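Let's take a walk through this fold together. Have the sequence and the model open side by side as you read.

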Amino acid sequence: MRKKSVLLIGVGRFGKHIAEELNKLGHDVMAVDRDESRLNKVMPLVTNGQIGDSTSEEFLSGLGVKNYDVCIVAIGGDFQGSLETTCLLKDMGARKIISRAERDGQAKLLMRNGADEVVFPEKQLAAWTAVRCCSDHILDYIEIDPTCSIFEISVPDDWVGKSIAGIDVRRKYKLNVIAVKEGSKIDPAFAPDVPLNKKQSLFILGTYDGIKKIIHS
C-alpha cells in the first residue's frame, strides 16, 4: 500500500479515531483543529499539526491543500463549519474530499458543494449495533452498499463437520464465503472441501436476509 498524505480537519472523538487508524497504516497526517487541547492529544499519532480555523480561506490556503492525496473533514457538531470547509477545499483544488455528515440532508449539501464522499459515523455505528446485538451468531458486520455487506458469523451448529462445498452455500443461500477464521488467523484461500469446526468463524459476502436464513435455519 502506497503511503498517502492526509489533511485531517477536526480531531474530536471521530477525528482522533481516524488519526489512530491512519497512524497504524503508516500514512502521513497533517491534523488541524481550532482547539489546542484536542490537537495536543493527537500529536503523537500524526506527522504534524496546526491550530486554526478551517473556515478561514487565508488559513486553509496556507496548508497547501493541493499537495494532499485526500482531505478528510471530520468536524462534528458544527455543520456550517463543515460545509464551509468542504467548499473551500473544493475551490482550492483538493484532490479528494471526504466529509462527515449526521443526516441525509447534510450529505446532499456536502456532495453538491465539493465532497467526493460522505461518511455517517453515527448512522453506520447504529446500523452495526442493531445488526450485531440482535444475533448471537453475527460477530462483525461491514456494509458495502445498501444491498450487500460482509458478515463475520460463527459456524452454525448444523454446519459443524460439513464443508463449504458440501453445504453448497452459494447455490442454496445465494451467499459467498470469502474467508475462514480460526483464532487470530484469517484464511482467504481456505479449502472448500475441509470440514468446518466450532472454533472457526466465517466471512460471508451477501445480504442480511441471506444471513438470517443461515443463522435461523
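This is a predicted model: local features need pLDDT of at least 70, side-chain atom pairs count only at pLDDT 80 or more; totals for chains, interfaces and linings use all residues.

Strand β9 (residues 176–182) and β10 run antiparallel and are joined by three bridges. Both belong to an open, antiparallel sheet of five strands, ordered β7-β8-β11-β9-β10; strands pair here if DSSP finds at least two bridges between them. At the edges stand β7 (138–145) and β10 (185–187), each with a single partner strand, so one side of each has no neighbour in the sheet. From one strand to the next, the twist averages 20°, with axes fitted to C-alpha atoms, for helices over the stretch in contact, and angles running from 0 to 180 degrees between N-to-C directions.

Now look at helix α9 (residues 208–215), which packs on the sheet and touches β7, β8 (148–154) and β11 (200–206). Its direction makes about 20° with that of β8. Contact means heavy atoms within 4.5 Å. Helices (H or I, at least four residues) and strands (E, at least two) are DSSP runs, numbered from the N terminus; the protein chain has nine helices and eleven strands.

The largest nonpolar core has 20 residues, and Ile-153, Trp-159, Ile-204 and Ile-211 are among those with the most contacts inside it. Such a core is a set of buried Ala, Val, Leu, Ile, Met, Phe, Trp, Tyr and Cys residues joined through side-chain atoms within 4.5 Å. Helix α9 gives the most to this core, with three residues. Beyond its neighbours within four places in sequence, Ile-204 is in contact with residues including Phe-151, Ile-178 and Ile-214. A second, separate core of 17 residues includes Leu-7, Val-65, Tyr-68 and Met-92.

What about the cysteines? The structure holds zero disulfides, a disulfide being a pair of cysteine sulfur atoms within 2.5 Å. For Cys-71, the nearest cysteine sulfur is that of Cys-87, 14 Å away. Cys-71 counts as buried at 0% relative accessibility, while Cys-148 is partly exposed at 21%. Buried means under 20% relative accessible area, exposed over 50%, and partly exposed in between (1.4 Å probe, protein chains only).

Conventions. Residues are numbered from 1 along each chain as its sequence is written. Side-chain values use heavy atoms; hydrogens and water are left out.
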